Amino acid sequence: QVQLVESGGGLVQAGGSLRLSCAASGRTFSIYTMGWFRQAPGKEREFVSGINWRFGSTNVADYLKGRFAISADNAKNTVYLQMNSLKPEDTAVYYCAAATGGTEYDYWGQGTQVTVSS
């Protein structure tokens, strides 16, 4: 089992920045990929960014490139999502996820609310 706990969400004005954190515990040695997803009210959950836990390679959704960046501190079992130039449309619950067996994410955090005011 892997447990994930997100933090760092909150209310920010448009143009501002936030950094989300996701602390992993449990069988962290089994993690292959960590990712961030988000779900806005009335919309489906969408992929934001992911990082290979072992090699550090990253990817960011095309529509967020240049504003969002993912990073990890393996020693702390923590992954971060730096969000800059935030827009009201970035308002959503942001979820951290871990994939242990392949490409599917099989562990999820509780989510953290990000609200961007105009």
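**The nonpolar core and an aromatic cluster**

In this predicted model, the largest nonpolar core comprises 30 residues, and Leu 4, Met 34, Trp 36, Phe 68, Val 79, Met 83 and Tyr 94 have the most contacts inside it. Such a core is a set of buried Ala, Val, Leu, Ile, Met, Phe, Trp, Tyr and Cys residues joined through side-chain atoms within 4.5 Å. Two or more residues each come from strand 1 (2-7), strand 3 (18-26), strand 4 (33-39), strand 5, strand 7 (68-73), strand 8 (78-83), strand 9 (92-99) and strand 11 (112-117); strands are DSSP runs (E, at least two residues), numbered from the N terminus. Residues are numbered from 1 along each chain as its sequence is written, and side-chain values use heavy atoms, with hydrogens and water left out. Local features need pLDDT of at least 70 and side-chain atom pairs count only at pLDDT 80 or more, while totals for chains, interfaces and linings use all residues.

Leaving aside residues up to four places away in sequence, Val 79 touches Leu 20, Ser 21, Cys 22, Met 34, Trp 36, Ile 51, Trp 53, Ile 70, Ser 71, Ala 72 and Cys 96 (contact: heavy atoms within 4.5 Å).

A polar atom of the Ser 49 side chain lies 2.8 Å from the backbone oxygen of Asn 59.

Turning to the rings, the structure holds four aromatic pairs (Phe, Tyr or six-membered Trp ring centres within 6.5 Å; planes under 30 degrees apart are stacked, over 60 edge-to-face, the rest tilted). Phe 37 and Tyr 105 form an edge-to-face pair, because their centres are 5.0 Å apart and their planes stand at 85 degrees. Phe 37 lies in strand 4 and Tyr 105 in the loop between strand 9 and strand 10 (107-108), so this pair ties together parts 68 residues apart in sequence. The rings of Phe 37 and Trp 108, with centres 4.9 Å apart and planes at 55 degrees, are tilted; this pair links strand 4 to strand 10 across 71 residues. Phe 37 is buried at 11% relative accessible area, whereas Trp 108, at 32%, is partly exposed. Phe 37, Phe 47, Tyr 105 and Trp 108 form one aromatic cluster.

The charged end of Arg 45 sits over the Trp 108 ring, 3.9 Å from its centre (Lys NZ or Arg CZ within 6 Å of the ring centre and within 35 degrees of the ring normal).

Conventions
Polar contact = N/O pair within 3.5 Å; in protein donor to acceptor, adjacent residues only side chain to side chain. Buried < 20%, exposed > 50% of the residue type's maximum accessible area, 1.4 Å probe, protein only. Helix = DSSP H or I, 4+ residues; strand = E, 2+ residues; numbered from the N terminus.
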